[in-house]
Amino acid sequence: MQNSLLSHQKAPTVQPLETDMRVSKDILELLSTAMYPDPLALYREYIQNAADSVEEAVRQNLYSPRTAPRIDVVIDVANRNVRIRDNGVGISNADFVQTLTSIGGSSKKGKGARGFRGVGRLAGLGFCQEVVMRSKSAADSQAYQLSWDCKKLKHLLRDPSCSDDLNTVARQVVGITHTPAKSGDHFFEVELKNVVRFRNDLLLNEVEVSAFLSQVAPVPFSPKFTFAEELETQLKSQASLQTFCVFINNNSEPLYRPFQDEFEVRKGLKDKFSGVEFFPIDGVSGDRDALGWVLHHGYLGAIPERLGIKGLRLRSGNIQIGDSKLFEQAFIETRFNSWSVGEIHTTSKNLLPNGRRDALEFNIHSQNLLTKLLPLTKQIAGKCRSSSAARVKGDVPAPIPYEKEWGLDDSDVKLIQSLAPNIRASFLQVMGPIFSKTRKDFHGRKAALTILRRITKES
Ligand SMILES: Nc1ncnc2c1ncn2[C@@H]1O[C@H](COP(=O)(O)OP(=O)(O)OP(=O)(O)O)[C@@H](O)[C@H]1O
Ligand SMILES: [Mg+2]
């Protein structure tokens, strides 16, 4: 009855919106501080811009043998100042103001660049008192500079008596200057002045920043890592991998990804990588959406977070999306994600990072990716379980490097080898920490060797 009444009513006419939308000053907070729960994300955003710009400079043939592409991060703790500079294409004087005062509407959209939303450079606004951006292109004779007075901005955003209008506020906090500069130079530099103290001064901690960027930034694998060449060759040919030299505090060596041949699962228990496996991931229409790889090892347990290698991770444009837990839900037992080492590199425009870059945009393609990961995560879980079962049965000696690294006499190495496998595994695990290279526990060592000699005599 009701349905039939409704069906006879005429649908209301929809009027198009005839007024402009009002954009309030609050948008600045939403796009800076509120956007990134992890403040280190600001380093990712500026490095990402630098990578896009260097890539464009390579395309335009701007480098010579004397000027290699490079990205520099300089952390000046004493002055609470951070500078991130690249020698990419830069922004021309003509485009400078318009580019850096636009919110959204990136000129990189649709060009396959890493950035495409036109907001990432605002990431620093909430974490320092002033942000200064400087740049020029090769053809310019001036360097332009735009500065944000973030201290004043914060005050105006909170002040209810200050106008709500974005432009009124922007005019009070943004300033533009230019200075003569060497023609031919091309660069972009962002300087964060008076960086705020945040969680143990994280943003000025060189070790923390390097550890974060070695995981997240598009830097190369270490040349000392055995699987570096195989990974780079395959990823370059199948996933257009690009890497960039990022130098922290003018170190002579650039930053590398954190993978090494061996890693410590827990104190005294080392494991090493035995091989790499690649797996292409097809999209819903059958075209390639991503290329994944996993590094196999002994699967001895959960890998510590501090090593920066744990978990199946996601990369887009060779920049990490989200963190080590992103794919936990693809494992039937989520804990096995932290036993895994691997990456998924997106290769299709179907898989786009969300605005915060902490996951992919939710759509049929990202759901398909999760489903396609299941056979792989099952295979990894199988390896984790059989490795645990073997260790419980005691038929696989724990690969603790006692022969080489404990500094034992040959006679003591022989005694350890003569122990029954299950006793040997327990002995190595209990004594491992005492024999670690960094611990000078002479009494502990002596006692351990006395116990060893006693148990071998008794058995
Ligand atoms: N290092 C840089 N070198 C040259 N141009 C830059 C650099 N950083 C920013 N720009 C210019 O400023 C624009 C805005 O940067 P912003 O990071 O806000 O947005 P985006 O990179 O386009 O997109 P996203 O919000 O996804 O990062 C860029 O599109 C680019 O034109
Ligand atoms: Mg950007």
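The structure is a predicted model, in which local features need pLDDT of at least 70 and side-chain atom pairs count only at pLDDT 80 or more, while totals for chains, interfaces and linings use all residues. Residues are numbered from 1 along each chain as its sequence is written, and chains are lettered from A and ligands numbered from 1 in the order in which they are written.

The protein chain contains 13 helices and 14 strands; these are DSSP runs numbered from the N terminus, with H or I over at least four residues for helices and E over at least two for strands. Along the principal axes, its C-alpha atoms fill a box of roughly 90 × 75 × 45 Å. Of the 459 residues, 34% are buried, a residue being buried if 20 or more other C-beta atoms, placed from the backbone, lie within 10 Å of its own, exposed if 12 or fewer do, and partly exposed in between. Contacts are counted where the C-beta atoms of two residues, placed from the backbone, lie within 7 Å. Among contacts between residues at least 6 apart in sequence, 74% join residues at least 24 apart.

An automatic or database domain assignment divides the chain into domain 1 (26-204), domain 2 (262-393) and domain 3 (402-458). The C-alpha centres of domain 2 and domain 3 are 35 Å apart. Where these two domains meet, 4 residues of domain 2 are in contact with 5 residues of domain 3. The domain 2 side of this meeting consists of 1 nonpolar, 1 polar and 2 charged residues; here Ala, Val, Leu, Ile, Met, Phe, Trp, Tyr, Cys and Pro count as nonpolar, Asp, Glu, Lys and Arg as charged, and the others, Gly among them, as polar.

Ligand 1 is surrounded by 22 residues, of which the closest are Asn 49, Ser 53, Ser 106, Gly 115 and Gly 120; a residue belongs to this shell if its C-beta atom, placed from the backbone, lies within 6 Å of the ligand. The shell divides into 7 nonpolar, 10 polar and 5 charged residues. Helix 3 (41-59) and helix 4 (93-101) each supply at least two of its residues, and the largest share, 4 residues, comes from helix 3.

One open sheet is formed by 7 strands in the order 5-4-3-6-2-1-7, with mixed pairing; two strands pair if DSSP finds at least two bridges between them. Strand 5 (174-180) and strand 7 (246-248) stand at the edges with a single partner strand each, so one side of each has no neighbour in the sheet. From one strand to the next, the twist averages 15°. Strand 4 (residues 142-149) runs antiparallel to strand 5 and is joined to it by 7 bridges, with Ala 143 opposite Thr 179 in strand 5. Helix 5 (residues 150-158) lies across strand 3 (128-136) and strand 4, at about 40° to strand 4. Such angles run from 0 to 180 degrees between N-to-C directions, the axes being lines fitted to C-alpha atoms, for helices over the stretch in contact.

A further open sheet has 5 strands in the order 10-11-14-12-13, again with mixed pairing. Its edges are strand 10 (275-282) and strand 13 (319-321), each with a single partner strand, so one side of each is left without a neighbour in the sheet. The twist here averages 30° from one strand to the next. Strand 12 (residues 311-316) and strand 14 (residues 341-346) pair in the parallel sense over 5 bridges, and the bridge partner of Arg 315 in strand 14 is His 345. Helix 8 (residues 228-239) packs on this sheet, touching strand 10, strand 11 (288-296) and strand 14, and its direction makes about 170° with that of strand 11.
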